[in-house]
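Dear colleague,

Please find below the structure that I am handing over to you, with its sequence. My notes on what was found in it follow directly after.

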Protein chains: 2
Amino acid sequence: MRILLAEDDPDLSRQLKQALSDADYAVDHAPDGEEAHFLGDTEPYDAVILDLGLPKIDGVSVLERWRRDGKTTPVLILTARGAWSEKVAGFDAGADDYLTKPFHTEELLARLRALLRRSAGHATATLTCGVIRLDPRAARASVNGEPLRLTSLEYRLLHYLMMHQGRVIGRTELVEHLYDQDFDRDSNTIEVFVGRLRKKIGSDRIETVRGLGYRLTALEGEAPQP
Amino acid sequence: MRILLAEDDPDLSRQLKQALSDADYAVDHAPDGEEAHFLGDTEPYDAVILDLGLPKIDGVSVLERWRRDGKTTPVLILTARGAWSEKVAGFDAGADDYLTKPFHTEELLARLRALLRRSAGHATATLTCGVIRLDPRAARASVNGEPLRLTSLEYRLLHYLMMHQGRVIGRTELVEHLYDQDFDRDSNTIEVFVGRLRKKIGSDRIETVRGLGYRLTALEGEAPQP
DNA sequence: TGGGTTATTCAGCGAGCGTTCAGCCAGAGG
DNA sequence: CCTCTGGCTGAACGCTCGCTGAATAACCCA
């Protein structure tokens, strides 16, 4: 999962970036509205955390432009001031959630999780795919109740596949969502990680669709774990 | 848009119901957890506003039961208390938003709008032609519910035919749409692929129009799959 | 600073896939 | 009835794509 963090306060930025990285998100940081707009326009983020009081271009303007251009990425707004009328304006500009400073990092993370899972069409907190379960809060996954030892990138890969299970996901899409900016395009890391993941969760679970990408689906006749 | 309002405080209920009606929602009211659970289970709401401090059954329990039963309706939680740990628990139970009393009605309405807006974007656009179904998002096709194993080009061919079913499609048109660049004209790849596709979906489905091309149509007396 | 874990690169292998070709079949027209 | 054109099909070939194991580089924690 790749997040854009648009925040100008250096301290808060550093702290949030750290927290988001620890939660296994790939994070890009934009210190002003101009860069935020540019990045959100060019890179495929899974969610955006947007401070309203940004230099150069105001947060709401940035959001309005994205929405006018048809971007549907979920956006969580941060603001120092707490006037309700401002919140309403933020929502009507196309925000999906709104958080007033100061806040607990835990709450931000919880709201972010809710946003991400809802934007992928899921309602519950833990993702399941057949006998595979993944709990984004704890960053843990299990097969048949047996916990998996996954590295950070293996986890991110599995997370993304589970969020979009049933769909074919191209290599490029995976690269764009697992890593933050600038990454060498012609490299076979994805294949390597898919291979490793297969060794851990069973090789028949991730299907390869030649020329298109990979697809994760529950095997037939497999009861979804409650 | 139909909303379920689960709230026990009579004053707040009346006020919110009024505000929601004024905003042109159809509102049902549940004064306790039991009725809330029952209504949410039987009626197709577009969103639920759920107070946590409900009599008979606790709000979180109601939510958890819905989610366990596979209900994906967006839920906005209301609560009198505001501890961040409680909010985190609410989100992880499957809530989509969380609002602490007291709040401005405007803000509730704004959050509700955001919730409904986002949950609207999840329609699956699958193509169907008689018993053949094709889901472009999953890059998957099935006949009579039986999934097909198609190669990349077979899939593209079927996709194009299904998008233009009923029409006769010339070889040239197919070539132009299946391949990016110009392509060797005197080659019979298309015929080969049509042949292979016929083997997989049934030979009587793709009709040959001599001298013109091919046509895909639903067979007569065949009910379109829902 | 050093040891262990994790990420990335590289090269070779294997198989699936697209393409070609040759021969066969069917329909249309004389 | 024969011929000719356009379409079908099975088999074979060669290429590309994706997989894998091992080596190297980056990273992290003590």
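**The surfaces near the DNA**

Around DNA strand D there are 18 residues, and the closest are A:E191, A:G195, A:T208, B:G195 and B:T208. Please bear in mind throughout that this is a predicted model. Two helices each supply at least two residues of the surface near DNA strand D, namely α8 (189-201) of chain A and α8 (189-201) of chain B. Sorted by class, this surface near DNA strand D holds eight polar, six charged and four nonpolar residues.

DNA strand C has 19 residues around it, of which A:T151, A:S187, B:T151, B:L153 and B:S187 come nearest. Here the elements that give two or more residues are α6 (152-163) and α8 of chain A, together with α6 (152-163) and α8 of chain B. The surface near DNA strand C divides into 10 polar, five charged and four nonpolar residues.

**Chain A as a whole**

Chain A contains eight helices and 12 strands. Its radius of gyration is 18 Å, close to the 17 Å that the globule rule gives for 226 residues, so chain A is as compact as a globular protein of that length. The C-alpha trace of chain A spans about 50 × 40 × 30 Å along its principal axes. Of the 226 residues in chain A, 38% count as buried. If one takes the contacts in chain A with a separation of 6 or more, 58% of them are accounted for by residues 24 or more positions apart.

A:D92 belongs to helix α4 (residues 84-92) of chain A. With 14 other C-beta atoms within 10 Å, A:D92 is partly exposed.

**Where the two chains touch**

Which helix gives the most to the side of chain B that touches chain A? To begin with the totals, 26 residues of chain B are in contact with 30 residues of chain A. On the chain B side, α4 (84-92) and α5 (105-119) each supply at least two residues. The helix that gives the most is α5(B), with seven residues. By class, the side of chain B that touches chain A has 12 charged, eight nonpolar and six polar residues.

An α-helix has 3.6 residues a turn, so residues three or four places apart point the same way.

In soluble globular proteins, nonpolar side chains tend to be buried together. In this model the largest nonpolar core has 105 residues, and those that touch the most other members are A:I3, A:A6, A:L50, B:A6 and B:L50. The element that gives the most to this core is α6(A), with six residues. Leaving aside neighbours within four places in sequence, A:I3 is in contact with A:L20, A:Y25, A:V27, A:Y45, A:D46, A:A47 and A:I49.

**Backbone details to look at**

Most residues other than glycine have a negative phi, and most peptide bonds are trans. The following places depart from that pattern.

- A cis peptide bond, with omega about -5 degrees, joins A:K101 and A:P102. A:P102 is in the loop between β5 (97-100) and α5 (105-119) of chain A.
- B:K101 and B:P102 are also joined by a cis peptide bond, with omega about -5 degrees. B:P102 is in the loop between β5 and α5 of chain B.
- A:K56 is not a glycine, yet has a positive phi of about 70 degrees. This residue is placed in the loop between β3 (47-51) and α3 (59-68) of chain A. A:K56 counts as partly exposed, with 14 C-beta neighbours inside 10 Å.
- B:A139, not a glycine either, has a positive phi of about 55 degrees. B:A139 is in the loop between β7 (132-135) and β8 (140-143) of chain B. Because B:A139 has 21 C-beta neighbours inside 10 Å, this residue counts as buried.

With kind regards

Terms used
Residues are numbered from 1 along each chain as its sequence is written. Chains are lettered from A and ligands numbered from 1 in the order in which they are written. This is a predicted model: local features need pLDDT of at least 70, side-chain atom pairs count only at pLDDT 80 or more; totals for chains, interfaces and linings use all residues. Helices (H or I, at least four residues) and strands (E, at least two) are DSSP runs, numbered from the N terminus. A residue is buried if 20 or more other C-beta atoms lie within 10 Å of its own, exposed if 12 or fewer, and partly exposed in between; C-beta atoms are placed from the backbone. The radius of gyration is taken over C-alpha atoms; the globule rule is 2.2 Å times the number of residues to the power 0.38. Two residues are in contact if their C-beta atoms, placed from the backbone, lie within 7 Å. A residue is near a molecule or strand if its C-beta atom, placed from the backbone, lies within 6 Å of it. Ala, Val, Leu, Ile, Met, Phe, Trp, Tyr, Cys and Pro count as nonpolar, Asp, Glu, Lys and Arg as charged, and the others, Gly among them, as polar. A nonpolar core is a set of buried Ala, Val, Leu, Ile, Met, Phe, Trp, Tyr and Cys residues joined through C-beta atoms within 7 Å.
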